[in-house]
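Visitor: I'd like a close look at one part of this model, taken slowly, and then a sense of what lies around that part. Please keep it plain, and say what your terms mean as you go.

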Amino acid sequence: MTCTLGEVKNRADFIVYWGGNPAECHPRHFTKYTLMQKSRFLPRGRKDRTMVLVDIRETKSVKAADVFLQVRPGKDFELITILRAMIKDQPISDAQLAETGLTREQLQDFVTRMKAAKFGVFFFGMGLSMTRGKHMNSAALLTLAAELNAFTKFVAMPMRGHGNVTGADVIMRWQTGYPFGISFNRGYPRYNPGEFSTVDVLVRGDTDCNFIIGADPGATMPKPAIEHLASVPTIVLDPHVTHTSKLARVHITTAPAGISAPGTAYRMDEIPMPLRPALESPYPSDEEVVRRIKETILKKPDWMGERPQMLTSQVG
Amino acid sequence: MSAKRYLLNPMRTAKQGVHVNVGKDGDEYIEITTTLSIHVDDMAEIGVSDGDRALVKTEFGEAEFTCQTAKVPPGMIFVPYGPPTCQLMGGDTDGTGMPTSKGWEVEITPLGEANSQVITE
């Protein structure tokens with residue numbers, strides 16, 4: 001129930017950004033994929049497309065939008081649920097509507113536009129996924145997109161963050177079957193967000209060593225997680241001095257991926273993009289450092305006695 | 001001190017995104033991530049003016065910011081993500097693996113025009 005950005009560029013005539021500010025956070029999104037591009041099916045480009053923005057405040061993206069719906073903070077789930085009801089002509093009370101901060105006319109217009117679209121897309125950002133409701137908000141929006149397919153073609157896609165977070169998810173998925181929050185401590189992958197996810201593991205203080213590659217949790221994670229990073233040996237691979245490298249015991253400088261080291265970045269629609277290095281670097285790549293660490297570890301005596309790690313050693 | 005509580009919404013800006021790559025030790029990055037946008041009526045209520053420093057507190061921590069009026073909804077403050085906002089976030093993910101980064105209730109205390117540094121306790 002998603003698609004590539006190429007399909008969006010060629011076919012999507014109804015674009016909804018929900019809890020995201022692409023004008024600031026994804027500045028090429030409008031021009032390369034969603035609004036400005038002309039295509040075989042949308043020959044007039046911007047004039048053939050409609051954009052709706054749902055957010056709690058007027059961001060810079062409002063200027064690009066045809067319709068702006070200012071939802072009350074923390075009421076996204078309620079709004080999505082109301083929309084799910086309205087597309088099926090279910091009754092909605094005034095009190096329920098009032099909670100969202102929007103009028104019946106605004107929502108009826110939104111529903112009419114969604115149903116009339118030939119190809120609609122929801123792009124949802126952290127305003128939806130990192131506020132109260134979290135994954136339930138995302139799940140509700142995905143359900144709305146699925147249900148709209150009874151009327152027209154509709155898809156949904158998350159607006160991913162900086163760097164290559166999509167790549168990390170994709171690689172973990174095809175290697176283990178899970179995208180994140182994975183524990184290998186029994187010798188096979190187990191998935192449980194809230195238990196094995198990085199923030200939770202750090203906040204509980206479960207780790208006695210941290211190995212961080214190309215990320216700066218010291219400048220992004222909640223305070224209790226940062227405090228744990230500083231309290232145990234932390235090893236960082238990063239091209240730059242960061243907040244995390246400053247609290248680490250070991251910082252190995254590596255070549256910037258995609259600039260001085262080759263690799264594959266995944267676009268937010270999960271299309272792999274091979275990157276050739278444009279510049280030379282005196283530093284090794286992340287991949288080389290990890291490989292050399294692994295080779296060194298394999299030369300060490302096996303303290304567990306047998307491989308793979310024994311279940312009895314972990315839970316016995 | 002204002003007894004009223006405000007909703008803290010960390011967010012991203014294009015300028016912040018640029019300076020993440022320029023360097024997080026740079027003066028501009030530090031300035032961006034320590035500037036909070038707030039409605040003009042809320043500023044009057046708290047007792048601060050443009051450029052004044054204020055201490056923002058949650059139940060988990062506190063950090064200092066420079067106040068700046070902006071076209072934002074009353075009752076809400078917006079700050080670009082950075083080390084100061086990390087100081088204000090709790091670690092509970094509600095079993096999702098995702099920390100709550102937006103929607104924290106905060107108290108704001110005016111500090112005047114002092115050129116004080118961000119508290120990193």
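Guide: Let's take helix 4 of chain A and begin with its cover: the elements over its buried residues include helix 5 (94–100), helix 6 (104–116), helix 7 (126–129) and helix 8 (135–148) of chain A. Bear in mind that this is a predicted model, where local features need pLDDT of at least 70, side-chain atom pairs count only at pLDDT 80 or more, and totals for chains, interfaces and linings use all residues. Residues are numbered from 1 along each chain as its sequence is written, while chains are lettered from A and ligands numbered from 1 in the order in which they are written. Helices (H or I, at least four residues) and strands (E, at least two) are DSSP runs, numbered from the N terminus.

Now the helix itself. Helix 4 of chain A runs over residues 76–87, which makes twelve residues. From first C-alpha to last it reaches 17 Å, close to the 16 Å expected at 1.5 Å a residue (1.5 Å times one less than the number of residues). Which of its residues are buried? They are Asp76(A), Phe77(A), Leu79(A), Ile80(A), Ile82(A) and Leu83(A). Buried here is a count: 20 or more other C-beta atoms within 10 Å of the residue's own, with 12 or fewer making it exposed, anything in between partly exposed, and C-beta atoms placed from the backbone. After the helix comes Asp89(A), with a positive phi near 60°.

Helix 4 and helix 6 of chain A pack with their axes 10 Å apart, at an angle of about 60° (axes are lines fitted to C-alpha atoms, for helices over the stretch in contact, and angles run from 0 to 180 degrees between N-to-C directions). The crossing of helix 4 past helix 6 of chain A is right-handed, that is, the near helix is turned clockwise from the far one by less than a right angle. On the helix 4 side, the contact uses Ile82(A), Leu83(A), Met86(A) and Ile87(A); helix 6 of chain A brings Leu107(A), Val111(A) and Lys115(A). A contact means C-beta atoms, placed from the backbone, within 7 Å of each other. Sorted by type, this helix 4 and helix 6 contact in chain A has six nonpolar residues, no polar ones and one charged (Ala, Val, Leu, Ile, Met, Phe, Trp, Tyr, Cys and Pro are nonpolar, Asp, Glu, Lys and Arg charged, the others, Gly among them, polar).

Let's follow Lys115(A), which sits in helix 6 of chain A. Lys115(A) has 15 C-beta neighbours inside 10 Å, so it counts as partly exposed. Leaving out residues up to four places away in sequence, Lys115(A) touches Ile87(A), Phe151(A) and Thr152(A). There is also Lys153(A), 38 residues along the chain from Lys115(A), with 9.1 Å between their C-alpha atoms.

One more stop among the covering helices: the loop between helix 7 and helix 8 of chain A holds Lys134(A). Lys134(A) isn't a glycine, yet its phi is positive, about 45°. With 20 other C-beta atoms within 10 Å, Lys134(A) is buried.

Now step back to the chain. Chain A splits into domain 1 (5–158) and domain 2 (165–300), with bounds from an automatic or database domain assignment. Over C-alpha atoms, the centres of these two domains of chain A are 33 Å apart. Chain A has 14 helices and twelve strands, and its C-alpha atoms fill a box of roughly 70 × 50 × 30 Å along the principal axes. Of its 316 residues, 34% are buried.

Last, the partner chain. Chain A puts 33 residues in contact with 31 residues of chain B. On chain A's side, the elements giving two or more residues are helix 2 (22–25), helix 10 (198–204) and helix 11 (223–231). Helix 11 of chain A gives the largest share, four residues. By type, that side of chain A has 15 nonpolar, eleven polar and seven charged residues.

How values were computed. Two residues are in contact if their C-beta atoms, placed from the backbone, lie within 7 Å.
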